[in-house]
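Hi there,

Here is the structure I promised to pass on.

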Amino acid sequence: MPYLTAPEDLSALLPGEPSYRADQLRAWLYGTPVLQPSDMTNLPGSVRDRLDPLWPFSVEEQQEADRGRTVKWLFRAPDGAAIEAVLMGYRSRVTLCISSQAGCAMGCTFCATGQFGFERHLEAGEILAQVAYARAHLRAHPIPGSPDRLGNVVFMGMGEPLANYEHVRESIRRMVEVMGMSARNITVSTVGFLPGMRRLADEPWPVTLALSLHAADDGLRETLVPINKRYPIDDLIDAAADYRRSKGRRVTLEWTLMDGINDTPEQATALASIAAELRAHVNVIALNPTPLSSERPPEHRRVEQFVGWVERAGANVTLRDTRGQEIDAACGQLRARRSSG
């Protein structure tokens, strides 16, 4: 499984082969990924046979929605761990949402992943392989009306990225330094794992930091995001402000809108105040409901009303599409359905 091997150590997979074979393999894995070893046309058959299996997971299920513009995968690692990724095509970009853990220990009430608990951290190679697989899939199956290359990677799938810091850091290093991706096109989303936020600010790569806020006061946020009891909002604001100063990058505030919970004018005003303090951008998305959660999305009129309140209170805000509602596109949903079925 080459993706579990650091790129500088690939020669260890090819004993007895000329040194340039490792360079060729690296070019395939990180430059122009392919879906199967047989497509690595400048490698001899004996070498390609050694690279099977190529991926550190198998594809257990693939779903498509939005006229082929959304593709959801459930990958399965050899130890049974579930890994989900979602590829989303837009007119001007293609974005991949990847997982950093199998399961999640954060316990957010509205998240399908959190409802199944934590299995294990994903290794750097398992994280990176999601990116490589999506790139290979995109080359073989372009998304209609979208660019033919992967433009953005967001750590917004299963797991809390900053709780799996070393492996996430290594995967970012490979994306930027080996794959040639721009760090500015990589977003790390956290529910507020404060130690990881502080460490990320010291890294050399100006990735975008997204703080999944979901509530603008500690009382409500502690009911939705239990880690808030350890790292309250004021501490997160301080860390986010430090990150912006360190990187010169605008922080994003993520807000999953839930009917009758965090869709009030009071929450909108408080959210706008936090955004103004941080000079942050707000991304609002209506909840993609899960079978095990009691929370539900507001009606569309209420969603637009909430966005209007935030705007009028002085914040920059975007209403994001809720992609893949006819499939299990929210993080953890496909795994939840397979596990319960």
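A quick definition before the notes: a polar contact is a pair of N or O atoms within 3.5 Å, where within protein one atom must be able to donate a hydrogen and the other to accept it, and residues adjacent in sequence count only if both atoms are side-chain atoms. By that rule, the side chain of Arg135 reaches the backbone oxygen of Gly31 at 3.4 Å.

Now the ground rules. This is a predicted model, in which local features need pLDDT of at least 70 and side-chain atom pairs count only at pLDDT 80 or more, while totals for chains, interfaces and linings use all residues. Residues are numbered from 1 along each chain as its sequence is written, and side-chain values use heavy atoms, with hydrogens and water left out.

Helix H4 and two of its residues

Helices (H or I, at least four residues) and strands (E, at least two) are DSSP runs, numbered from the N terminus. Arg135 sits in helix H4. Is Arg135 buried or exposed? Arg135 counts as buried, because its relative accessible area is 19% and the cut-off for buried is under 20% (exposed is over 50%, partly exposed in between, with a 1.4 Å probe and protein chains only). Contact here means heavy atoms within 4.5 Å. Leaving out residues up to four places away in sequence, Arg135 touches Tyr30, Gly31, Pro33, Leu150 and Met179.

Gln130 is buried at a relative accessible area of 0%, and its side chain reaches the backbone oxygen of Glu126 at 3.3 Å. Beyond residues up to four places away in sequence, the contacts of Gln130 include Phe57, Phe75, Ile83, Leu96 and Leu122.

The sheet

Two strands pair if DSSP finds at least two bridges between them. On that basis, 10 strands form an open sheet with mixed pairing, in the order E1-E2-E3-E4-E7-E8-E9-E10-E11-E12. At its edges are strand E1 (58–65) and strand E12 (316–319), each of which pairs on one side only. From one strand to the next the twist averages 20 degrees.

Some pairings to look at:

- Strand E2 (residues 70–76) and strand E3 (residues 82–89) are antiparallel, with seven bridges; Lys72 stands opposite Val86 in E3.
- Strand E4 (residues 94–97) and E7 run parallel and are joined by three bridges; Cys97 is opposite Val154 in E7.
- E7 and E8 are also parallel, again with three bridges; Val153 is opposite Ile186 in E8.

In a regular strand the side chains alternate between the two faces of the sheet. In E7, Asn152 and Val154 point one way and Val153 and Phe155 the other, and all are buried.

Helix packing

Angles run from 0 to 180 degrees between N-to-C directions, and axes are lines fitted to C-alpha atoms, for helices over the stretch in contact. Helix H5 (residues 165–178) lies across strand E7 (152–155) and strand E8 (186–190), running at about 180 degrees to E7. Helix H8 (residues 233–247) and helix H9 (residues 265–278) have axes that come within 10 Å and cross at roughly 35 degrees. The residues making this contact are Ile233, Ile237, Ala240, Ala241 and Arg244 of H8, together with Ile274, Glu277 and Leu278 of H9.

The cores

A nonpolar core is a set of buried Ala, Val, Leu, Ile, Met, Phe, Trp, Tyr and Cys residues joined through side-chain atoms within 4.5 Å. The largest one has 106 residues, of which Leu87, Met175 and Leu253 touch the most other members. H4 gives the most to this core, with eight residues. Another core, of five residues, lies apart from it, and Val86, Met88, Tyr90 and Cys97 are among its members.

Backbone points to check

- A cis peptide bond joins Asp52 and Pro53, with omega about 10 degrees.
- His214 has a positive phi, near 70 degrees, and is buried at 5% relative accessibility.
- Arg279 has a positive phi too, near 55 degrees, but is exposed at 58%.

Best wishes
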